[in-house]
Amino acid sequence: MPTYHIHIRGQVQGVGFRPFVYKLALEKGWAGWVSNTANGVHIEVNLAPEALADCLGALRRQAPALARITGIEAEPVAEKPFEGFAI
């Protein structure tokens, strides 16, 4: 299954964004990881290409109330065999 790197910018640190992504990933059956860095939240996830738009939409629509997303970028990366989802 293809792997995508998703970079989310804005007020996404200190608002529970990583636990939110983790919970969403478990609900949706995504495999990959989520991490905070100085320039935002980074996610690598295995998704079918047709599921990418749903993933990005869910990240925007269901984000924690205190989050302020200013940008989301997704790009395909080398396929990785993730099992489960990790913070």
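View 1. At 28% relative accessibility, Arg9 lands in the partly exposed class (buried is under 20% relative accessible area, exposed is over 50%, and partly exposed is in between, with a 1.4 Å probe and protein chains only). Its partner in a salt bridge is Glu73, with the closest N and O atoms 3.0 Å apart; a salt bridge here means a side-chain nitrogen of Lys or Arg within 4 Å of a carboxyl oxygen of Asp or Glu. The pair ties together distant parts of the chain, since Arg9 sits in strand S1 (residues 3-11) and Glu73 in strand S4 (residues 68-77), 64 residues apart. Glu73 is partly exposed too, at 45% relative accessible area. Helices (H or I, at least four residues) and strands (E, at least two) are DSSP runs numbered from the N terminus.

A word on the model: it is predicted, so local features need pLDDT of at least 70 and side-chain atom pairs count only at pLDDT 80 or more, while totals for chains, interfaces and linings use all residues. Residues are numbered from 1 along each chain as its sequence is written, and side-chain values use heavy atoms, with hydrogens and water left out.

View 2. Lys23 and Glu27 pair up in a salt bridge, their closest N and O atoms 3.8 Å apart. Both residues belong to helix H1 (residues 17-28) and sit four residues apart, about one turn of the helix. An α-helix has 3.6 residues a turn, so residues three or four places apart point the same way. Lys23 and Glu27 are both exposed.

**View 3. Helix to helix, Lys28 to Asp54.** Here the side chains of Lys28 and Asp54 meet in a salt bridge, 3.4 Å from N to O. This one also links distant parts of the chain: Lys28 is in helix H1 and Asp54 in helix H2 (residues 52-61), 26 residues apart. Lys28 is partly exposed at 37% relative accessible area, and Asp54 is partly exposed at 37% relative accessibility. In total, the structure holds four salt bridges.

**View 4. The buried side of helix H2.** Which residues of H2 are buried? They are Leu52, Cys55, Gly57, Ala58 and Leu59. These buried residues pack against S1, H1, strand S3 (40-46) and S4, where contact means heavy atoms within 4.5 Å.

**View 5. Phe85 and what surrounds it.** Phe85 lies in strand S5 (residues 85-86) and is buried, with a relative accessible area of 9%. Setting aside neighbours within four places in sequence, Phe85 has contacts that include Val21, Tyr22, Ala25, Trp30, Trp33 and Ile43. Val21 is 64 residues away along the chain, yet the C-alpha atoms of Phe85 and Val21 are separated by 9.5 Å.

**View 6. Zooming back out to the fold.** The protein has two helices and five strands, running β-α-β-β-α-β-β along the sequence. For 87 residues, a compact globule would have a radius of gyration near 12 Å, and the protein agrees at 12 Å (taken over C-alpha atoms; the globule rule is 2.2 Å times the number of residues to the power 0.38). Buried residues make up 41% of the 87. Of the contacts with a separation of 6 or more, 79% involve residues 24 or more positions apart.
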